Amino acid sequence: VKKAFEDGYQIIVVGKKEHPEIIGLKGQFDGKMEVILSPDLPESLDINRKTAVFAQTTISEEIFDCVVENLKRKFKNLKVHKTICSAVLRRKKEIEEFLKKIDTLIFVGGKNSSNTNALFEVCKKILPNSFFIEDEKEINIEWFKRSENIGISGSASTPKWLMEKVRTFLNDRLYKKVESK
């Protein structure tokens with residue numbers, strides 16, 4: 001981002017304005033960048049100026065790709081940098097495969113984590129019977145009445161011990177197969 005800024009590019013970041021990563025980045029450029037999360041463009045952008053677009057590292061790939069497709073139709077000189085964290089992309093692919101094997105998902109992680117929330121949204125879209133918890137105390141046993149294969153997962157930052165604690169909690173209360181990924 002710094003190099004593009006120094007080279008005279010207008011900067012666009014696809015992300016959430018209130019995310020700490022974005023706040024920190026804006027501070028480095030005296031606020032001289034635009035942060036967008038939808039295809040709608042702020043009036044301050046000049047479509048004729050050379051422009052570089054970056055991703056908040058935890059933004060979903062689908063949102064980034066959608067916004068970039070719209071930008072490509074409007075900007076004459078657009079340089080795209082898909083700066084989504086590779087660990088997030090890798091974890092997303094792993095979870096998508098895991099969801100094919102289960103009918104109920106317990107997703108464990110911090111509810112204030114942008115990365116974790118984005119990953120859970122992917123899960124919920126693919127498997128509506130997905131539940132987001134921070135620890136086993138939030139589990140409702142009623143969620144599993146019609147479940148045959150229960151899965152437990154979390155974001156790249158969710159500690160394995162926490163998912164294991166949830167798995168143990170479920171195994172002690174249910175007589176069904178509980179897998180974790």
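This is a predicted model: local features need pLDDT of at least 70, side-chain atom pairs count only at pLDDT 80 or more; totals for chains, interfaces and linings use all residues.
Residues are numbered from 1 along each chain as its sequence is written, and side-chain values use heavy atoms, with hydrogens and water left out.

Me: Why is Phe75 called buried?
Reply: Buried means under 20% relative accessible area, exposed over 50% and partly exposed in between, with a 1.4 Å probe and protein chains only. Phe75 has 6% relative accessibility and therefore counts as buried.

Me: What is Phe75 in contact with, leaving aside its neighbours within four places in sequence?
Reply: Contact means heavy atoms within 4.5 Å. On that basis the partners of Phe75 include Ile12, Leu41, Leu45 and Ile47.

Me: Why are α4 and α5 called roughly parallel?
Reply: Angles under 35 degrees count as roughly parallel, over 145 as roughly antiparallel, 65 to 115 as roughly perpendicular and the rest as oblique. The axes of α4 (residues 86-99) and α5 (residues 114-126) cross at roughly 25 degrees, and the two helices are therefore roughly parallel to each other.

Me: What makes strand β3 mostly covered?
Reply: In β3 (residues 51-55), five of its five residues are buried. Thr51, Val53 and Ala55 lie on one side, with Ala52 and Phe54 on the other.

Me: How do you know that β3 and β4 pair?
Reply: Two strands pair if DSSP finds at least two bridges between them. β3 and β4 have four bridges, in the parallel sense; Thr51 has Leu78 of β4 as its bridge partner.

Conventions
Axes are lines fitted to C-alpha atoms, for helices over the stretch in contact, and angles run from 0 to 180 degrees between N-to-C directions.
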